[in-house]
Amino acid sequence: MATVKRNNITMSKGNLKFAPEILIWSIPAIKTCPNCADCAASCYARKAEKVYPQVLPCRERNYQATQDLEQFKRDMVALIKRTQKTSKKHTPSAVRIHESGDFYSKEYAEAWAAIARECPELTFYGHTKAPENLPEDIPENMNIVESILPNGEVNFGSKEKVLRMSKEYGAAICPYGKAKKAFKCGTDCKACMRRSRVVFIEH
């Protein structure tokens, strides 16, 4: 898995799940996730932190870099633009905000909105259980899927539950949990980049 770095921030360029044209940003799971009581025990993002010893320290460094949001914005925009210019193949077309972590404060979410405005040619997308922290003015190239549905349940579960939620809310179903072939988010499916509601089969 390729990574790109600037100062104390690190992003990966794709992985087993995401296409290599996607830059992926992560901060520590649970610690930065408001409203995670229903999913903390089964948190998917924490698995990597437990299996790979280098993952959590990297996410912690990323989190610490966000404590100075003005510097974070400058570094992130510079890193993205440098990666666009220097990539010989798989030039970034999107930024996945939070493979791990969430918008832990309104100021932090506003910083991401500002970064997206500085990079209008890219799509920025992610998920949140803290919609109260989202910016008032989300740029057109930024799509955030709310993980809590209007009735209060989370947007993942068994196949039967997901089919019911999809019909009830007109939500797209992520094909990752049911794909029978090699699958890449951002290539085979872009629902999370475009749809306001997406539901997931547990896998």
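**Figure 1. The buried side of helix α2 in the predicted model.** Six residues of α2 are named here: Val55, Cys58, Arg59, Asn62, Tyr63 and Ala65 are buried. They sit on the same side of α2, because they cover an arc of only 160° around the axis. An α-helix has 3.6 residues a turn, so residues three or four places apart point the same way. The cover over these buried residues includes strands β2 and β3. It also includes helices α1 (45-51) and α3.

**Figure 2. The open sheet of six strands.** The strand order is β1-β2-β3-β4-β5-β6, and the pairing is mixed. β1 (2-6) and β6 (142-146) stand at the edges. Each has a single partner strand, so one side of each lacks a neighbour in the sheet. From one strand to the next, the twist averages 25°. Helix α3 (residues 69-86) packs on this sheet. α3 touches β1, β2 (9-13), β3, β4 and β5 (123-128). The direction of α3 makes about 135° with that of β1.

**Figure 3. Two strand pairings within the sheet.** β1 and β2 are antiparallel and share five bridges. Alanine 2 has lysine 13, in β2, as its bridge partner. Two residues lie between the strands of this hairpin. In the hairpin, asparagine 7 takes a positive phi near 50°. Strands β3 (residues 22-25) and β4 (residues 94-97) run parallel instead, joined by four bridges. There, tryptophan 25 stands opposite isoleucine 97 in β4.

**Figure 4. The largest nonpolar core.** This core has 30 residues. Which of them touch the most other members? They are Trp25, Trp112 and Phe124. The elements giving two or more residues are β2, β3, α2 (55-65), α3, β4, α4 (106-118) and β6. Helix α4 gives the largest share, seven residues. In soluble globular proteins, nonpolar side chains tend to be buried together.

**Figure 5. Aromatic rings that pair.** Eight aromatic pairs are found in the whole structure. One of them, between tryptophan 112 and phenylalanine 124, is tilted. Its ring centres are 6.3 Å apart, with 55° between the planes. Tryptophan 112 lies in helix α4 and phenylalanine 124 in strand β5, so the pair ties together parts twelve residues apart in sequence. Are these two residues buried or exposed? Both tryptophan 112 and phenylalanine 124 are buried. Ring pairs also build a cluster: Trp25, Tyr63, Phe72, Phe103, Tyr104, Tyr108, Trp112 and Phe124.

**Figure 6. The two sides of helix α5.** α5 spans residues 159-169. Val162, Met165, Ser166 and Tyr169 are buried in this helix. Seen down the axis, the buried residues fall within an arc of 105°, so they line one face of α5. Glu160 and Lys167 are exposed on the other side. Strands β7 (156-157), β8 (172-173) and β9 (198-201) are among the elements that cover the buried residues. Glycine 170 follows α5, with a positive phi near 60°.

**Figure 7. Arginine 46 and isoleucine 30.** Arginine 46 lies in helix α1. This arginine 46 is partly exposed, with a relative accessible area of 34%. Beyond its neighbours within four places in sequence, arginine 46 is in contact with Ala29 and Ile30. Arginine 46 and glutamate 107 are 61 residues apart in sequence. In space they are 25 Å apart, C-alpha to C-alpha. Isoleucine 30 is found in the loop between β3 and α1. Isoleucine 30 is partly exposed too, with a relative accessible area of 25%. Its phi is positive, near 65°, though isoleucine 30 is not a glycine.

**Figure 8. Histidine 98 and its positive phi.** Most residues other than glycine have a negative phi. Histidine 98 has a positive phi of about 75°. Where is histidine 98 placed? Its place is in the loop between β4 and α4. Histidine 98 is buried, with a relative accessible area of 3%.

Definitions and conventions. Residues are numbered from 1 along each chain as its sequence is written. This is a predicted model: local features need pLDDT of at least 70, side-chain atom pairs count only at pLDDT 80 or more; totals for chains, interfaces and linings use all residues. Side-chain values use heavy atoms; hydrogens and water are left out. Two strands pair if DSSP finds at least two bridges between them. Axes are lines fitted to C-alpha atoms, for helices over the stretch in contact, and angles run from 0 to 180 degrees between N-to-C directions. Contact means heavy atoms within 4.5 Å. A nonpolar core is a set of buried Ala, Val, Leu, Ile, Met, Phe, Trp, Tyr and Cys residues joined through side-chain atoms within 4.5 Å. Buried means under 20% relative accessible area, exposed over 50%, partly exposed in between (1.4 Å probe, protein chains only). The arc is that of the directions from the helix axis to the C-beta atoms. Rings of Phe, Tyr and Trp (its six-membered ring) pair if their centres lie within 6.5 Å; planes under 30 degrees apart count as stacked, over 60 as edge-to-face and the rest as tilted.
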